[in-house]
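This report is for a reader meeting the structure for the first time. Please look over the sequence and the model before reading on.

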Amino acid sequence: MTGMKAIRRFTVRTVVPGPIGALARLATNLRWSWHLPTSQLFESLDPALWDEVRHDPLALLAAISREKLEALAADPDVVARVADADRNLTAYLGEPRWYQSLGADAPHTIAYFSPEFGISEVLPQYSGGLGILAGDHLKTASDLGVPLIGVGLLYQAGYFKQSLSKDAWQQETYPLLDPDALPLTQLREDDGTPVRISLPLPGGRVLHAHIWRADVGRVPLLLLDSNVAENDATARGVTDRLYGGGGDHRLSQELLLGMGGVKALRIHSRLTGTPEPEVFHTNEGHAGFLGIERIRELMDPALTPHPLSWDEALAAGRASTVFTTHTPVPAGIDRFPRSTIEHFFAGELAPGVPVEKILALGAENYDGGNPEVFNMAVMGLRLAQRANGVAKLHGVVSREMFSGLWPGFDHDDVPITSVTNGVHVPTWVDPRLAQLAREKFGADVLDGPDWSKVYDVSDGEVWELRRRLRTALVEDARRRLRASWKKRGAADAQLAWTDSALDPDVLTIGFARRVPTYKRLTLMLRDPARLKALLLHPEHPIQLVIAGKSHPADDAGKKMIQDLVQFTDDPEVRHRIVFLPNYDIAMARTLFPGCDVWLNNPLRPLEACGTSGMKAAINGSLNLSVMDGWWDELYDGENGWAIPTANAGTGEAERDDIESAALYELLETQVAPRFYGDLVSAGAGAAGPSQPGRGGLPSHWISMIKHTLATLGPEVAAERMVKEYVQRLYQPAAAAGRAARARDYAATRDLAAWIGNVRSEWCGVRIEHVESHGLADEPHIGQSLRVRANVYLGTLRPGDVSVSVAYGRVGSSDELSDTRSLELLHARDLGDGRHQFEAELVIDRSGSFGYGVQVLPCHAGLASPAELGLIATA
Ligand SMILES: *Cc1c(COP(=O)(O)O)cnc(C)c1O
């Protein structure tokens, strides 16, 4: 029967013998992936098999023989260690943590939606930074005790696996995943039938999905799976791949994620008794339809006894929604033809919800917008009362990028804040470093906010650890290089050189990320001769380890990979520069720690944050990066190097010339000499690279490592990030949501009516007259100025607005800078809808001084005065 294919496959889960039965539970909760003692326990059961199954506990339990399991179950030492790990997990899941100190008012449940989650290599449901961030967010929420529930899709093939053809062209394969072999539990009704949610599609079709739950420590992650028998072929394929299709396929995925995700949460609450989410956080715009589903619920008399109108439901939904934007690159934002959205919502998808209102949410009705498209990021912003970018600079860029939604406002006043990303330390810190820290300082030092203990470690120990990390990378890289060459058709006899590719004593520079054009994978190739000289430098050579996947539809990205790989194929340099196919979490965990320097050279300011450099930093690698994303706010001169950026307006080619030249220059004159310390003696050249550590240690370099760990460690930890989300966004959103729901949505009904009225009256609002009194001919500091403004409000009341004076320095073209503002108080009613406002302003600095007056709507239900996009200025 050779050649016959199975028509159905299933994975039979092992029954683990009673005394070590807890292993099944330990393998299913993904906490093992960041809890070193638990993963070490699995490894110890059968170290060779552990490597064979690629560090996957479930696969290990499935592969281990019956006899071996029985033997382990009879070994008291094993039994004791399993019981220990089990107790540890139970304690972890139940004990009060940081969040439990916030008091009873903290939100009871927060739903976190994302199209991808990168939690572990055993659950490959991510493509890059967005997914890894989501995974780190969940793990950190678990560690902090934040009652988060993740919502996503279960893709049958995840993202693709990358390999290379002989001529270095990216090849993609899509191995299918079997949910039964993954650390997932199917959500079932009490009678055992699988839970199913359904979305009505146009033409009478229905999209059904089952729900799987992954346990990420304390945090459940619900994944919707359309591969169910009741679906037609197209519907079954909706969750086939991550970012696979476009058009209707992509839209169906996003409808399932957003609307289906809310339905899944409702069922999960019903079945588990978990409180309904009080905050909905959407990681990028893909899940934006969650807002439509919640509006639908509020407008449906069957679900909401006194149903809300569209405006009321929108106000209520917005109050408890947080939107995070992740990219200033237009191609990173989903846009659909308006007509497609209209088509999908014309049927029963959201009965009772006016389609034209939905369309308006995604309309690009601003300068430069396209009237034919529906923009998911724009909808995300309109459906969320709170929004943020992912680094300070990205906040600035986002406020400018989306300023069209707030016409008339200064970019600074656009209500999009920023929370700088972070990385989950227990996941990304190398076990060898964690071990050293634990031995020297006890278990908690890496979990705490103070990493300054690193200064107590001797230079020799630091340097020795760095060499071990580098060596581990070199070994892993050789193995991967060899495997890649075999796939490219080389015979073993041709591959002896791979055994000595890379050198554990050479300065190692890493570069790995997705390969969209703006990340400039090939900037280092701008002057190939110069790169070659750096690689082959007789005294201080460098070596480069590079990885990255290009989106399957992006031929420009694939061409970059090809150019790079063809450079690395040159026998003259191939021992100093390698490209490793199939960048993923497993590779990353060896790569970040093993590199001495982490390189990042995007086109500023297109890198929203970047997190790989953070993961490198917590392992003592130094960053060498363009001042973009997180590096723009955390580079301090002693934690790495800043690659200078060409002036704005420089042409693309010239910009690459300037920035690559700066990169070469830094490597040649700063980075490499410092790594090799002062050890480079005149004669070293002939003998090859001067080995750091041979006659002394590169003390400046080591002090930069310590400084990086001590100061960047706590800053880039996801703990800092998640606490910021909780305090600055989730808690206010939950409070706003509660106020909105109180007394059968009474405040929401008032707010919506008030907003409707203010919007219709606003066109009449104007500042008719401004005057100031009190300044002498030669004003000086400390003098005060009485500012008075006469404002026409029409039928609006003085309490409906806030009138303020903005004052500061005046530039050459009358623009204000260093501005502050002061509220003017209502002084008198002048009749006929006119009012006078006034305040006393104290001049507190010298130099040019000026002011302007503005009127904004004012209501306790608004999170920002700019929220409605209404302003009147004088
Ligand atoms: C961290 C990480 C990324 C994201 O890195 P960026 O610096 O944001 O580009 C992508 N893929 C993997 C496997 C990662 O670990």
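Predicted model: local features only at pLDDT ≥ 70, side-chain atom pairs only at ≥ 80, totals over all residues.

## Domains

The domain assignment divides the protein into four stretches: domain 1 (18-94), domain 2 (104-418), domain 3 (458-714) and domain 4 (765-873). Between the C-alpha centres of domain 3 and domain 4 there is a distance of 53 Å.

## The annotated lysine

An unreviewed UniProt entry lists "modified residue: N6-(pyridoxal phosphate)lysine" at K615. In the model, K615 belongs to helix 22, which covers residues 612-617.

Is K615 buried or exposed? K615 counts as buried because its relative accessibility is 4%, and the cut-off for buried is under 20%. Apart from neighbours within four places in sequence, the residues in contact with K615 are I132, V423, W428 and F592.

## The second largest pocket

The second largest pocket holds about 840 Å³ of space. Its lining is made up of 30 residues, and those closest to the centre of the pocket are L314, R318, R382, R759 and L868. Sorted by class, the lining has 16 nonpolar residues, 7 polar residues and 7 charged residues.

Which elements supply at least two residues each to this lining? They are helix 11 (310-319), helix 13 (355-361), helix 14 (376-383), strand 15 (386-389) and helix 26 (718-761). In terms of domains, domain 2 (104-418) and domain 4 (765-873) each give at least three residues to the lining of the second largest pocket.

How values were computed: Residues numbered from 1 in each chain as written. Heavy atoms only, no water. UniProt positions renumbered as here; feature names shortened; annotations may be inferred. Helix = DSSP H or I, 4+ residues; strand = E, 2+ residues; numbered from the N terminus. Buried < 20%, exposed > 50% of the residue type's maximum accessible area, 1.4 Å probe, protein only. Contact = heavy atoms within 4.5 Å. 1 Å grid on protein atoms, 1.4 Å probe; cavity = no way out; pocket = protein on both sides within 12 Å on 5 of 7 lines; lining within 4 Å. Points joined across faces, edges and corners; volume = space filled by probe spheres on them. Nonpolar A, V, L, I, M, F, W, Y, C, P; charged D, E, K, R; others polar. Domains from an automatic or database assignment.
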